[in-house]
Amino acid sequence: MSQRLHMRPLEELNYADKRVLVRVDINSPLDPKTHRILNTNRIEKSVPTLSHLLDNGAALGILAHQGDTLNYRDLVPLEEHAGVLSGLLGREVGYIDDVAGPAAVEAVKALKPGQALLLGNVRYLTEEVSSFENAVTLKPSEMLDCYLVRRLAPLFDIYVNDAFAAAHRNAPSMVAFQEVLPSAAGRLLFDEVAALRKVMDAPARPAVFLLGGLKISDAFSMMLKVLETGAADTILTCGVTGIIMLMAQGADVGEAMRTFISDRSLDVFVEPARTYLRDYPGRIEVPSDLACQVDGGRVEMSVAALPGTDIYPDIGRDTAERYARIIAAAGTVFVNGPPGVYEDEAFACGTKRLFEALRDTDAYTVVGGGDSVSAAARFIDLKDLDYVCTAGGAMVRFLSGIELPLLTAMQKAFENNI
Ligand code: 3PG
């Protein structure tokens, strides 16, 4: 079972003439040179909650982040985000490039019902960034002493969180305000959790998990969890995860692929792969053919004919057809990680075929993680999927059975009637 959870729905509180602090996740992909927003998906998904609050007479202070310590070039002001929000909401969202300093405090105090103000990038503050989170592990109650909470909590009547994509962050903006303000969960937070719980706790059968991509530790932690709990009837492995499964079965994948794997320290997954194949017989599907790179072009190879001379940027056509048939007959399909290097035309057909199968199946379909959503958007209309999750790291942790600090904080606020 996934994390037990009760959260107060947005609709249960009265927002008329209240100052509401709402935390959203509108962290968006940026153009590396211009730092302009490339994709407004997360901003769009934040709109229903913000509209509800404004329509019901709240004065809104909006908190959000962009970038991270590892992604420090994206730690930029949120002015463009405010502009996009204004367009989507059909009303002006002000911006102040200050999170909780004197200018932000004055601007919040001046807010009138129906007005919205986006505060500066909350990750300007040391106490919000993941390096601080890992070095100084504070409980939410201890975070009441953080600058952000000391400065902002007294200005607001209610706290709303709609930032599931950052639910894995034990940061003051995510988990501390619930200690002192009446708190509710936004609509996106509810929807994301409901879609993932449906996959984890009560999937229509057979439930199929398609795991590919390069984030092997994510794929392996989810795989183990859904095999152990029985949430998955079948795992379709592809991408580097598929190659590691083949290595675990004793296939000779060749020098180039072995070097690719060991350069990234991914060989540590071969032993767990062997264990999973042994412990869960018949539930893990492994590629029967691959597309090998030869002089930059595509050469199909059956697994029996391995090794190839280079790496394998795609699954082979037979594997794609076999997996597509499994997807067609499924009751639930969850996808994380593209099956191949779909950006390269020569190696896109495995990914294209499986996303088309996803589009055409009657199963309940969920795709999550930035790379997978971009891959899906390239080949099909995202509207043909049942749910597209905005989260990456938070979703992987949820599906791996790891407790998420945000959900714990929302549950505690619910139980204590805060
Ligand atoms: C994301 O992009 O996954 C969320 O915004 C959280 O970002 P983070 O992993 O940098 O905390």
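In the predicted model, a side-chain N or O atom of R123 lies 2.8 Å from an oxygen atom of the ligand, a polar contact being a pair of N or O atoms within 3.5 Å. The protein covers 81% of the 310 Å² of accessible area that the ligand has on its own; accessible areas are from the Shrake-Rupley method with a 1.4 Å probe. The side chain of H65 likewise places an N or O atom 2.9 Å from a ligand oxygen atom, and for R42 the distance from a polar side-chain atom to an oxygen atom of the ligand is 3.0 Å.

Residues are numbered from 1 along each chain as its sequence is written, and side-chain values use heavy atoms, with hydrogens and water left out. As the model is predicted, local features need pLDDT of at least 70 and side-chain atom pairs count only at pLDDT 80 or more, whereas totals for chains, interfaces and linings use all residues.

The surroundings of the ligand consist of D25, N27, R42, H65, D68, R123, A165, H168 and R169, where a residue is near a molecule if one of its heavy atoms lies within 4 Å of it. This shell comprises 5 charged, 3 polar and 1 nonpolar residues. In this classification Asp, Glu, Lys and Arg are charged, Ala, Val, Leu, Ile, Met, Phe, Trp, Tyr, Cys and Pro are nonpolar, and the others, Gly among them, are polar. The largest pocket holds the ligand. A pocket is an open set of points on a 1 Å grid over the protein atoms alone, where a 1.4 Å probe fits, with protein on both sides within 12 Å along at least five of seven lines; a molecule sits in a pocket if more than half of its atoms lie within 2 Å of its grid points.

The bond from R205 to P206 is cis, with omega near -10°, and P206 belongs to the loop between helix 8 (187-201) and strand 7 (207-211). Helices (H or I, at least four residues) and strands (E, at least two) are DSSP runs numbered from the N terminus. L306 and P307 are also joined by a cis peptide bond, with omega about 10°; P307 is located in the loop between strand 11 (297-302) and strand 12 (314-315).

Positive phi angles occur at non-glycine positions. D17, not a glycine, has a phi of about 60° and is placed in the segment before strand 1 (19-24). D17 counts as exposed because its relative accessibility is 65%, exposed meaning over 50% relative accessible area (1.4 Å probe, protein chains only). For S265, phi is positive at about 55° although this residue is not a glycine; S265 lies in the loop that runs between helix 11 (255-263) and helix 12 (270-279).

Conventions:
A polar contact is a pair of N or O atoms within 3.5 Å; within protein, one must be able to donate a hydrogen and the other to accept it, and residues adjacent in sequence count only if both atoms are side-chain atoms. On a 1 Å grid over the protein atoms alone, a cavity is a set of points where a 1.4 Å probe fits but cannot get out, and a pocket is an open set with protein on both sides within 12 Å along at least five of seven lines; lining residues have an atom within 4 Å of a point. Buried means under 20% relative accessible area, exposed over 50%, partly exposed in between (1.4 Å probe, protein chains only).
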